[in-house]
Amino acid sequence: MSVQERKQRERAERERLIVATARELAEQQGWDAVTTRRLAERIEYSQPVLYSHFRGKREIIGAVALEGATEMAAALRAATSAADGPRHRVTALARTYLDFAARNPAVYDAMFQLDGGLAFANEDTPAPLKDGFAALLESLEEVAGDGVHPGLFTEVFWAALHGVATLTRARRLPPEDTERRVELLVDRLAIT
């Protein structure tokens, strides 16, 4: 291995450590607890080393969001590939999405609530975010219905899931009714 390759590998490892530490700290104490000073202390590197990877907290949030989008897409695909038939696929998709949001609140916030400096819904959208949307679209396009644009249908379904996820977490909706909400959403779509 060349010196250049070793340095690149070490840099990538430091970057993964920064992102993992930020994510862990955010999940434990919230995003307000994530500061470059605290991260530098936890990873035992100086703040200048941290800034050599990320210009600040916003970019770290963006990196967590991209990692989360990759994980969510994989979870959605795994759940839907194991389901038989459109109704079961859409139900699995909804359950998995809501479960991901509930189990990873800080990551979910990085993906959809906080400013991570990422572009959404345009040509500059990073590939992991596009793939996260594609993971939703793959199961929903088959049930969009005649004359309904699959992308728009997916956006509306996603918005409904996001609403359930955020309102449940904010204790505006009782969590014990989440499964009934999923069933209602799938039933109203008349998915067979």
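Q: Why does Ala121 count as exposed?
A: Because its relative accessibility is 80%, and exposed means over 50% relative accessible area, with buried under 20% and partly exposed in between (1.4 Å probe, protein chains only). So 80% puts Ala121 in the exposed class.

Q: What kind of model do these values come from?
A: A predicted one, where local features need pLDDT of at least 70, side-chain atom pairs count only at pLDDT 80 or more, and totals for chains, interfaces and linings use all residues. Residues are numbered from 1 along each chain as its sequence is written, and side-chain values use heavy atoms, with hydrogens and water left out.

Q: Where is Ala121, and what is its phi?
A: Ala121 sits in the loop between helix 6 and helix 7. Its phi is near 55°, a positive value in a residue other than glycine. As for the helices, they are DSSP runs (H or I, at least four residues), numbered from the N terminus.

Q: What makes Arg171 exposed?
A: Arg171 has 73% relative accessibility, so it counts as exposed. This residue is in the loop between helix 8 and helix 9, and its phi is near 65°, again positive in a residue other than glycine.

Q: How do you know that Thr91 is buried?
A: Its relative accessible area is 12%, so Thr91 goes into the buried class. Thr91 lies in helix 5. Leaving out residues up to four places away in sequence, Thr91 touches Val182 and Val186, where contact means heavy atoms within 4.5 Å.

Q: Why is Ile60 called buried?
A: Because its relative accessible area is 1%. Ile60 belongs to helix 4. Not counting residues up to four places away in sequence, it touches Ile18, Ala22, Leu39, Leu50 and Phe54.

Q: What makes helix 1 and helix 4 roughly perpendicular?
A: Their axes cross at roughly 85° and come within 9 Å. Axes are lines fitted to C-alpha atoms, for helices over the stretch in contact, and angles run from 0 to 180 degrees between N-to-C directions. Under 35 degrees is roughly parallel, over 145 roughly antiparallel, 65 to 115 roughly perpendicular and the rest oblique. The pair is therefore roughly perpendicular.

Q: Which residues meet there, and of what class?
A: Ile18, Val19, Ala22 and Arg23 in helix 1 meet Ile60, Ala63, Val64, Glu67 and Glu71 in helix 4. That gives 6 nonpolar, no polar and 3 charged residues. Here Ala, Val, Leu, Ile, Met, Phe, Trp, Tyr, Cys and Pro are nonpolar, Asp, Glu, Lys and Arg are charged, and the others, Gly among them, are polar.

Q: How do you know that helix 5 is roughly perpendicular to helix 6?
A: Helix 5 (residues 86-103) and helix 6 (residues 105-112) pack at an angle of about 110°, with axes 5 Å apart. So the two are roughly perpendicular.

Q: Why is helix 6 described as largely enclosed?
A: Because 6 of its 8 residues are buried. They are Ala106, Val107, Tyr108, Asp109, Ala110 and Met111. Their cover includes helix 1, helix 4, helix 5 and helix 8.
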